[in-house]
Amino acid sequence: MSTATQTPRTGTPAAEAPEPQVIRPDRKRTRLGYNIIALVTAAVMAFPVYWLIVSALRPNHEIRSYDQTLWLSSITFDNFARAVKQDNFVTAIQSSLIVSITAVVGGMIIATLAALAIGRFRFFGRRALLMVLILVQMLPPTAMLIPIYAQLNAMGGLDEYWGLIVVYLVSTLPFAVVMIRGFVVNIPVELEESAMVDGCTRMGAFRRVIFPLLAPGLAAASIFALVNAWNEYLFAYILINDNSKYTLNVWLMTFTTERGTDYGALMAASTMIALPVVIFFMIIQSKMAAGLTSGAVKG
């Protein structure tokens, strides 16, 4: 006689309840150690941002004091008022917007076309071109500073927006092409062919079928390009000498004069400069996470 428990209707043995998973003490200690390391790492990385915001809200005499505290004893917005009233504030915003938006939009268009060509077509030197794109990413920007300066000087691109835009656009192309190509090779060719059979042109198939599937990759690549263009300092400082065309990061130098540095206004201006990128990242963070993972492995 069977001792297995049977269901009242079917008479079949009932599924046994899964045994609770027991975590061994050594695994608990390991997990606790990893959590502590993660928390310490997060605190170390977040502290400069916290100190930036705290300093932006502190009065200037407290910032210059030797008795610094981790917490705010008083809050003031005078630092933000002085930062806004600083010379060339509006023109610096205008310059950063022109350079960043143009570089991001132009870079995404060129990167998408290049990724489609590398991912969809077979031509001589395709693998070599992809390898060159990866190797270019390993070059430090300072190694290319002098050649870029000499080339733009010969072309009349110094103190011009287009010269800085070209530099930012080209610097983001290798990463963007490699990332978007990962999405292109993961999109079945049959989808594009089916759309063309149904009457779409190749461009129509790209617009209706391919482009929506590339949206996560474009989001991830665009935030990388925006951060690169918005936060870059070295090339903007070397290639632009006109005060009326300074980008925001170069404009921050105006807070340092012969009489000293206005640290409160400097911290307030730095906080305001960081906000647009943070807001943009928060808006598309879900698409960026999908872009970094979905295009990483060919499936």
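A: The chain has an average pLDDT of 83, and 87% of the residues score at least 70, pLDDT being the predictor's confidence in each residue, from 0 to 100. Over residues 1–7 the pLDDT is below 50, and this stretch has ten contacts in the model beyond near neighbours in sequence, where contact means heavy atoms within 4.5 Å. This is a predicted model, in which local features need pLDDT of at least 70 and side-chain atom pairs count only at pLDDT 80 or more, while totals for chains, interfaces and linings use all residues. Residues are numbered from 1 along each chain as its sequence is written, and side-chain values use heavy atoms, with hydrogens and water left out.

Turning to the helices (DSSP runs of H or I, at least four residues, numbered from the N terminus), α5 (residues 126–136) packs against α7 (residues 161–186) at an angle of about 130 degrees, and their axes lie 8 Å apart. Axes are lines fitted to C-alpha atoms over the stretch in contact, and angles run from 0 to 180 degrees between N-to-C directions. The two helices α5 and α7 are therefore oblique to each other (angles under 35 degrees count as roughly parallel, over 145 as roughly antiparallel, 65 to 115 as roughly perpendicular and the rest as oblique). The crossing of α5 past α7 is left-handed, that is, the near helix is turned anticlockwise from the far one by less than a right angle. On the α5 side the contact is made by L130, L133, I134 and V136, and on the α7 side by P174, V177, V178 and R181. Of these contact residues, seven are nonpolar, none is polar and one is charged (Ala, Val, Leu, Ile, Met, Phe, Trp, Tyr, Cys and Pro count as nonpolar, Asp, Glu, Lys and Arg as charged, and the others, Gly among them, as polar).
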